[in-house]
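Student: I'd like to go through the labels in this model and see what each one rests on. Could we take them one by one?

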Amino acid sequence: MNICICTSSFPRNRNVIYHRFVEEAINMLHDNGHSVIVLTQDRRGMKEMFLPHAEVIWFPWRMNKDDGLGALSLKKPGDLLSAISYVKNGTRYLHRIICDKHIDLVICLWVLPAGLNVYLHNLFFKKIP
């Protein structure tokens, strides 16, 4: 089975601790014969491919000055444009991955914003579990 993990919280390198649960899930899926692709938003700086059992796709978006979604304020016009860019590009890249990589299942880590990308994909394109 081809599985896409859609997340807004994927680290750029192995030194960031919050990737541990994602790494364990990817290894478990790989050990059970599944192919895993991670879709996450681009971030500034060098990215290390530290998970040997997953392909990571960094989609472009209009990054704010802090490079993260947690600092966005929807009251600021620039941040609102960043949020719209995230949703639009995330949904577009998810659709591309689903078609090109023949994805059977999408796992969302966090309902917002990753789940919103899957919801919009299923609303406008062929539904995927």
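Student: Why does lysine 101 count as partly exposed?

Tutor: Happy to start there! This is a predicted model, where local features need pLDDT of at least 70, side-chain atom pairs count only at pLDDT 80 or more, and totals for chains, interfaces and linings use all residues. Residues are numbered from 1 along each chain as its sequence is written, and side-chain values use heavy atoms, with hydrogens and water left out. Buried means under 20% relative accessible area and exposed over 50%, with partly exposed in between (1.4 Å probe, protein chains only). Lysine 101 has 32% relative accessibility, so the label is partly exposed.

Student: What makes lysine 101 and glutamate 55 a salt bridge?

Tutor: The term asks for a side-chain nitrogen of Lys or Arg within 4 Å of a carboxyl oxygen of Asp or Glu. Here the closest N and O atoms are 3.4 Å apart, and the pair qualifies. Lysine 101 sits in the loop between helix 2 (77-100) and strand 4, and glutamate 55 in strand 3, so the contact ties together parts 46 residues apart in sequence. Helices (H or I, at least four residues) and strands (E, at least two) are DSSP runs, numbered from the N terminus. Glutamate 55 is partly exposed too, at 34%.

Student: How do you know that glutamate 48 and arginine 14 form a salt bridge?

Tutor: By the N to O distance of 2.6 Å between their side chains. Arginine 14, at 42% relative accessibility, counts as partly exposed, and so does glutamate 48 at 27%.
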